[in-house]
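Please keep the sequence and the coordinates at hand.

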Amino acid sequence: MATTHDKAKDQKDQKVQRDQLETKAALGLVGTSPQHLSGREHVMGRSQFVDDMPKPKNMLAISLLTSPVARGHINLLDLSEALALPGVVAIITAKDIPGENQIGAIFPDETLLADGEVEFVGEPIAIVAAQTKAIADAARQKIKLEITAEKPVLTIDEALAKEQFVGPIRKIEQGDVDSALAKAPHVLSGVVKNAGQEHFYMETQRALAVPEDNGAITLYSSTQHPTEVHRMSARVLGLPQHAITIDVKRLGGGFGGKESQATAWACIAALTAHLTGCPAEIKLNREEDMAWTGKRHAFESPFKVGFDEKGRILALEIDLRSNCGAVADVSTSILERGMLHTDNAYRIDHIRVFGRPCRTNLPPATAFRGFGAPQGILVIETIIERIADHLDLDPFTVRQHNLYAPGDHAPYGELIYGAEHLAPLLAELRARSRWDERRAEVLRFNAANRYLKKGLAMVPVKFGISFTAANLNQGVALVHVYPDGSVSVSHGAIEMGQEVNTKIAQIAATNLGLPLQAIRIETNNTKRVGNAPPTAASSGCDLNGHAVNLATIALRDRLLAFAEKTYETKVVIEGGMIFALKASGKIDHDKPLGPFRDLALKAFVARIDLAEHGHYVTPKVFFDRETGKGHPFLYYVFGAAITEVTLDLLTGRTKLDAVHVLHDSGESLNPIVDIGQIHGGFVQGQGWATTEELVYSEQGRLISDSPATYKVPTYGDVPAEFDVKLYEGSSNDVGVHRSKANGEPPFVYGEAVFFAIANAVKAATGKYPEALTLPATPEKVLKALETR
């Protein structure tokens, strides 16, 4: 029995812990949720994007002549009438490019400006530069363009028939699939199809190029990948990279759509500025952006699965086929990640996965949040639903029977680090969401209602974190401490609404012992942090946070060593103050030695280096594409979501009633930011699963090219019951401050909405809707209901 003394001691310890947490929160340190660095500026409308920058003198506006057909040969390109229009400064075509007409991200298969042949609607042919945008648009309309149109290849089936691919066919295999399938008690087969998805970032593609002294160019680009823009613009202009500077303050959203596809627009602006000697700006309107840029990859994936009476998967064969569009872009890497995630959270001893990157005449498909993983996971989750339906089992239970366990390895050979969290995480979500009670309530509702049916579904996730291209797994940073005690941090990540700047500022503040207000995050500039990877693959904070971590720890240790000589005692820096350490090792808070700014000034006067470069390299990651084996991921993120929907059988419309998410963020750097990312990722996944439908004409032109015809989720689509909780008990020894990445994995949870709709259709028809494809629009749902 606890004594009065013990209770008093416990209460005192609890008060100390509360005080420490309150102090930590007030300083904005790691593990707390301070106000976003850019939050106030966003709310006040003062945040500066490319289009908000002061316009340079003599700036030219750009209008693009693009291909009106998906495939054809250019017979005539007459610029004479357009060039005669007053105010037109230049019209640039492929023959005017001083360097290489090549901007391919992985393979050299993408020209900046079409030269003889066109391969998709919206492919740039000519750049019109004029004194105003109105003049540029008018001149563009006076260009005489004649193209002999050819029949385009638009579908995966057409590409397969012609054996058109943008890269090699790949395979990942483990075990004896054929033998295991032959022995399996139950076998099912089918095809899983998903459409693409428009990024619909708030800020459309844009760039501003400004000529500098000695033929140099500064490019302000809305890009997730300054290094790629840097490399490609130098290639196009025929200049060394040191002559070009890329500067990025922030993006108005990206979601992968500005990883490789911001490059063309930046190069067009740079080329115009280089050839005319004038600043040049390009900015696409919404319809141009939607019609000309690439989307999430559409997949069609045949499968064959063998399983036992409990629903345990014994053998599986999957053939992932992606619609890559006209050029490779980053499609082969996206397909690869899809292949690496076809197991999702499940152990499958006998599995064979093929990946076929199909080339068509659509705009090049590109990176999108999840980077192929959602498409791969959709296949295995559909298979689980089909198995549960076939055996008349609870899908949740079937998933639990197949989960990875500690010590298990993925089909590509990597140990599933952290697999011990999967089973308890799902068990906790099952209880927290009242899955079993909710399932009984859904059955009662469906029995009592003729025209409304409810559906319930859950989806877990095991998401690998790292670039599968090993060379991209590095982060860079440059940190300056100034004599007044303030700190400037440059790092390789791009701020695009995910608050990576806030998290990285928290890392710097925590390591240096300063309040968050002492840290300033600078623009991403290739002169300060060159050769950085794209902010993608959920790795922006992981890679560059580690780099900042290394740099600030080095600075802290250097300053502490100087302080101990200066103050002749061991010291710590806490809350921007210098404190002595007592002989007991405790901090002497009663007698501060002075503010950090005094130490910084003393160090400057003593000629101590107050700057530090940080460079981080992800350890252990590699993948052999020929054998399909390796260690492609540093670690895994786990989580699960449960959704409940109500389906109106008369209209095919669905209402999302409830969402419960339990997500593993390790030891979160900023819990509120992470929870916000989960909310946003889920809703974006919900849109892909339900309303966001891309519609193309038979000539390959996007018809759903505006918010009037392409429906993203709105506030009204978010349920009142939206419970998101960070999973407790998980840590990450290899993560920055033991955290885990958080950008892409939550997108997968939106797939649970699709499966809930499918189960509502099954409640109405008595049959699982195998033909229902994602997105499950009202029209598709009504068609599925016709099977009654």
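R352 counts as buried at 10% relative accessibility, where buried means under 20% relative accessible area, exposed over 50%, and partly exposed in between (1.4 Å probe, protein chains only). R352 sits in strand β15 (residues 351-358); helices (H or I, at least four residues) and strands (E, at least two) are DSSP runs numbered from the N terminus. The R352 side chain makes a polar contact with the side chain of E173 at 3.0 Å. A polar contact is a pair of N or O atoms within 3.5 Å; within protein, one must be able to donate a hydrogen and the other to accept it, and residues adjacent in sequence count only if both atoms are side-chain atoms.

This is a predicted model, in which local features need pLDDT of at least 70 and side-chain atom pairs count only at pLDDT 80 or more, while totals for chains, interfaces and linings use all residues. Residues are numbered from 1 along each chain as its sequence is written, and side-chain values use heavy atoms, with hydrogens and water left out. The average pLDDT, the predictor's confidence in each residue from 0 to 100, is 96 for the protein, and 97% of the residues score at least 70. Confidence is lowest in helix α1 (residues 4-27), with a mean of 67, and highest in strand β5 (residues 124-130), at 99.

How many disulfides does the structure hold? It holds zero, a disulfide being a pair of cysteine sulfur atoms within 2.5 Å. The C358 sulfur is too far from the closest cysteine sulfur, that of C324, for a bond, because 6.6 Å separates them. C358 is buried, at a relative accessible area of 0%, and C541 also counts as buried, at 14%.
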